[in-house]
Amino acid sequence: MRATAAAGAAVGLLPWMAACDRRPRLNVYMWSDYMAPETVPDFERETGIRVTVDTYESNAEMLARLFAGAQGYDIILPTSYLLPSLVEAGLLLQIPDGALANLGNIAPMFQVPSANPHPDFAVPYEWGTSGIAWRRDKVAIPPDSWGVFFDTAYAGSMTMMDDAREVLGAMLRYRGHSVNSTDPAELGQAKADALAARANLLAYISAPVRGQIVAGDVWVAQMWNGDAAQAAAESPEIAYTVPREGSSIWMDTMAIPSNAPNVVEALRFLDYMLRPEVAARNAAVTGYGTANAPGTLLLSDPVPYPSAEELTRLEFYRDLGEETQRYYQIWTEVKAG
Ligand code: SPD
């Protein structure tokens, strides 16, 4: 009884103790499962900075919070196509010249506008592709087309991402169009196709589908390559492909919101993430490609950058400005059925 009361009193003290903790802090808002488990504890040990990590599953989720005026985040990980809008809205801090001693570790091929339209505001982190993961033990013919999502043989055992650009981008590619199309007729067709596929889907779910495909509850899923690789590490029956009609390639970046309360700590974290050994360890765990050139050399099995032939079928997403609203409108209608 006494122990319970003491424990209760201690629990009651926790908020007060946290408020009195004078250690410097850092608040990171990033994609789920996107760092090695040692990354944050090692950084905390080395620097004495206390780190809190919140996660999101889509750019839209992160943006909604940011545009709603979320305060307190020091680091976010937007996919690079969002940078022009974020910079224009004044939501990102310009990285001071010379603040990152390890910035030179980023391979120059990732500091080009398609991969990083704002190198002054964001640092490339990991890149990947969007494609189809499937279970070999459940699906007889390896799917090589976005058309698999229309196949009623797998109705109820398939998922697509909970993401407007990804789902509509896949449907656009299916018809031979760009993932960045703003053509009303092409988008109208993409909407019709997305609605037809919807009838066969168990859910719209992004990275968290991993557990379901590993468990065998999902047989075919639109997934990012790294999350599919993580799933395949747990269940060797899982395979991944980029459909023959093509798909997207993307770069996630690390950036500092303009209202970040802990800028010094944020810069320190960015520079730490840019160390080759840290970047390599993160990439080894996440299954994505790292933008860090010396980090790539430390990996025994780095994700190979797509060949010239593969790149003819892959497009970087672009910021579509005002037209983005059209995607969100269609997406709302698709999800509503
Ligand atoms: N689990 C981490 C997934 C990161 C995916 N980011 C890619 C976004 C492309 N739309």
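Predicted model: local features only at pLDDT ≥ 70, side-chain atom pairs only at ≥ 80, totals over all residues.
Local features need pLDDT of at least 70 and side-chain atom pairs count only at pLDDT 80 or more, while totals for chains, interfaces and linings use all residues. Residues are numbered from 1 along each chain as its sequence is written, and side-chain values use heavy atoms, with hydrogens and water left out.

Q: What makes up domain 1 and domain 2?
A: Domain 1 is 15–127 + 250–310 and domain 2 is 129–249 + 318–336. These bounds come from an automatic or database domain assignment. The C-alpha centres of domain 1 and domain 2 lie 26 Å apart.

Q: How many residues of domain 1 are in contact with domain 2?
A: With contact meaning heavy atoms within 4.5 Å, 19 residues of domain 1 touch 21 residues of domain 2.

Q: Why is the largest cavity said to lie between domain 1 and domain 2?
A: Both domains give residues to its lining, so the largest cavity lies between them. A cavity is a set of points on a 1 Å grid over the protein atoms alone where a 1.4 Å probe fits but cannot get out, and lining residues have an atom within 4 Å of a point. The largest cavity has 17 lining residues, and the closest to its centre are Trp 31, Thr 79, Trp 224, Trp 250 and Asp 252. Helix 5 and strand 9 (247–255) each give two or more residues to this lining.

Q: Which classes of residue line each cavity?
A: Ala, Val, Leu, Ile, Met, Phe, Trp, Tyr, Cys and Pro count as nonpolar, Asp, Glu, Lys and Arg as charged, and the others, Gly among them, as polar. The lining of the largest cavity has 8 nonpolar, 3 polar and 6 charged residues. For the second largest cavity the division is 7 nonpolar, 2 polar and no charged; Met 254 and Asn 292 are among its lining residues.

Q: Why is helix 5 called roughly perpendicular to helix 6?
A: Helix 5 (residues 164–174) and helix 6 (residues 184–198) pack at about 110°, with axes 8 Å apart. Angles of 65 to 115 degrees count as roughly perpendicular, so helix 5 is roughly perpendicular to helix 6. Helices here are DSSP runs (H or I, at least four residues), and strands are E runs of at least two. Axes are lines fitted to C-alpha atoms, for helices over the stretch in contact, and angles run from 0 to 180 degrees between N-to-C directions.

Definitions and conventions: Parallel < 35°, antiparallel > 145°, perpendicular 65-115°, else oblique. 1 Å grid on protein atoms, 1.4 Å probe; cavity = no way out; pocket = protein on both sides within 12 Å on 5 of 7 lines; lining within 4 Å.
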